[in-house]
Amino acid sequence: MRRFLALLARNRLALLGLVVMGLVVLLALVTPWLPLKPPNVTNTSDKFLPPFSEGALLGTDHLGRDLLSRLLWGTRLSLAVGFAAAAIAATLGAAIGVVAGYYGGRVDNVVMRGVDMLMAFPYILLALAIVAALGPGLFNALIAVAAVNIPFFARNIRGVTVGIAHKEFVDAARLSGLSDARIIVSEVLPNVVPVIVIAMSTTVGWMILETAGLSFLGLGSQPPQADLGSMLGEARSAHITQPHTSVVPGVMILIIVMAINLLGDGVRDALDPRLRSGALSRPMAATQVARDHVPPEPRAEGVLTLTDLETQFHVGKRTFRAVNGVSLHVAPGECLGLIGESGSGKSVTALSVMGLVASPPGVITGGSAQYKGQELIGARYGKLRQLRGDRVSYIFQDPLATLHPLYKVGDQLIEAIRVHHPVGRRAARERALGLLRDVRIPNPESRIDAYPHEMSGGMRQRVGIAMALANDPDVIIADEPTTALDVTVQAQILSVLSDLRRERGLAIVFITHDFGVVAQLCDRAAVMYAGRIVEQGTTEQILNHPRHPYTALLMKCVPELGAGRRRLEAIPGLPPAVDRLPEGCAFADRCPKVQPDCRAGEIVLRQVGDHAARCLHPVERAREEAAQ
Ligand code: ADP
Ligand code: MG
């Protein structure tokens, strides 16, 4: 609730709407206690007094009735009718929608066709017909306005309910033996209430207008009772000669409807979980770049070189330093392993290279990334787009999110090829088939026409890998590409990558948790912790003689086949939150070898023995060997 109010308050216009609406409602509530003239007492000798006259602040109407008094009483009535109509329409509509959506099938059909019939009538005609049948009067107008709005709520809520009724938690509730009524009340309703509130807040304005409309036509409130619509209606004849009689209720209607709509929009934005992250805009096509430092002369080793790369997430006042000065490079035909716990910044590092981190909130705040000497950070979008997927391609971590659910996998592969190369459809299809074969998809001729949901997770991951290979890239950045694969397929994929590396000089950045894969595939390895590289060297150096206590502990967590019984260690504690990094070494709190000097100043990546580690008190190599 606090969060909701804070979000609402961030939206200036909604706040304005809230304040104005609050004042209007307050006025309407205290009207009976205000020192007003009676609203319905006529006094024809004082008719059409202009505003600011003695004893009549807003003037009087054609029967000499005090306009201020009528306005406040009228507002009170209009608000009450509008809100009551909205509440009735929302309750009945939601009930219909929930029942239709939850039970589905025949119930849904019968109920919703009835609703459709109501919807088939023009809106205001239907309201007029209802009032004509029931007879004029404010209460009947209320019923008419509520009735014509029920279909809107029913349709909306039914749609949401259908989505929820098939969710796993509803199945679970059903399996645990709850009755339908219990499930609707305790599982479904809480999930649709925000939608009901949103629909209400955006429609109350209409309903007030509709009630006013009916009253204007003489079908709502009956004389002498005032509501905003009937005041307008009565002022019609003196519209030109005595404009204040129509301006007074007109302005009030304008104020109320504007305020409600502004507030309603704000409520909708604050309640909608997709908008809740604060990002109302869609992500930019490339990560925002705001570099405060650019390395003077970036090293130009390898095909892909990152120098001091810094990527942050700016969320509200907090800054998450997800990547905090990462330097690494890969040469043609080389494979670099990037290792680290979950959350250490591996994926963000990988995505930053081609500007794929979502902005907002992502910002690249420093450093450089070069492909064959061309700067990628801050490059034109056209340039990035040309390189993405063609020269530098990705295998993403989540195979489900990579593929479009509505297109066949073959078409997606073909598109990936044809976006970059002018080949015919048939040739592209042949190539796609070859790729599927390369990644060991069984029976590719029929699988090429499958949709992503018809494949297993492992197959989808293989399709993702095929897509990355589609254009014979120079660099592949693979983000935990084999997590969903069983060991045999994993071994096959690794051998495909190995072959490409040898034959075509493919450079690979391979992100993984798996030291076995690193040992098998990688020439060099870098270990990441809290957005930084803490150790870097050849695979042999890292795996056999880790110098950073973190690397050493990380390897103790991995069981080894054939190594006999050994205690499996877990690293105590958790990685630090990247928006509040401690001074000194980020690993200090979890490190068994921590010394007081670890907690101060900047600790640089320095040469320790034969490779680099970011540690003041590295693991001794001699002792390691003696222990073995
Ligand atoms: P991993 O090493 O597991 O791939 P990531 O690179 O995905 O880790 O994440 C690195 C850090 O960035 C994590 O601490 C994560 O919480 C943070 N992070 C990622 N995306 C966002 C975001 N949109 N807003 C704030 N922090 C984020
Ligand atoms: Mg990741």
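The legends below describe close-up views of a predicted model. Residues are numbered from 1 along each chain as its sequence is written, while chains are lettered from A and ligands numbered from 1 in the order in which they are written. Because the model is predicted, local features need pLDDT of at least 70 and side-chain atom pairs count only at pLDDT 80 or more, whereas totals for chains, interfaces and linings use all residues; side-chain values use heavy atoms, with hydrogens and water left out.

**View 1. Overall dimensions and secondary structure of the protein chain.** The protein chain contains 23 helices and 13 strands, where helices (H or I, at least four residues) and strands (E, at least two) are DSSP runs numbered from the N terminus. Along the principal axes, the C-alpha atoms of the protein chain fill a box of roughly 110 × 60 × 55 Å. The radius of gyration of the protein chain is 34 Å, whereas a compact globule of 628 residues would have one near 25 Å; this radius is taken over C-alpha atoms, and the globule rule is 2.2 Å times the number of residues to the power 0.38.

**View 2. The spans annotated as transmembrane region.** The annotation "transmembrane region" comes from an unreviewed UniProt entry and covers residues 12-34 and 77-103; such positions are given in the numbering used here, feature names are shortened, and annotations may be inferred rather than shown by experiment. Residues 12-34 are 83% helix and 0% strand, with their end C-alpha atoms 31 Å apart. Residues 77-103 are 100% helix and 0% strand, and the end C-alpha atoms of this span lie 39 Å apart.

View 3. Strand 2 (residues 304-315) runs antiparallel to strand 3 and is joined to strand 3 by ten bridges, two strands being counted as paired if DSSP finds at least two bridges between them. Phenylalanine 313 stands opposite phenylalanine 320 in strand 3. Two residues separate the strands of this hairpin, and glycine 316 in the turn has a positive phi of about 60°.

**View 4. The surroundings of ligand 1.** Ligand 1 is surrounded by 13 residues, of which Gly343, Gly345, Lys346, Ser347 and Val348 are the closest; a residue is near a molecule if one of its heavy atoms lies within 4 Å of it. Strand 3 (318-330) and helix 12 (346-353) each supply at least two residues of this shell, and helix 12 gives the most, with three residues. Oxygen atoms of ligand 1 lie 2.7 Å from a polar backbone atom of glycine 343, 2.9 Å from a polar backbone atom of lysine 346, and 2.9 Å from a backbone N or O atom of valine 348. The protein covers 68% of the 560 Å² of accessible area that ligand 1 has on its own, with areas taken from the Shrake-Rupley method with a 1.4 Å probe.

View 5. Asparagine 443, in the loop between helix 16 (425-438) and helix 17 (444-447), has a positive phi near 55° although asparagine 443 is a residue other than glycine. Alanine 530, likewise not a glycine, has a positive phi of about 50° and is placed in the loop between strand 10 (524-529) and strand 11 (532-538).

Technical notes:
A polar contact is a pair of N or O atoms within 3.5 Å; within protein, one must be able to donate a hydrogen and the other to accept it, and residues adjacent in sequence count only if both atoms are side-chain atoms.
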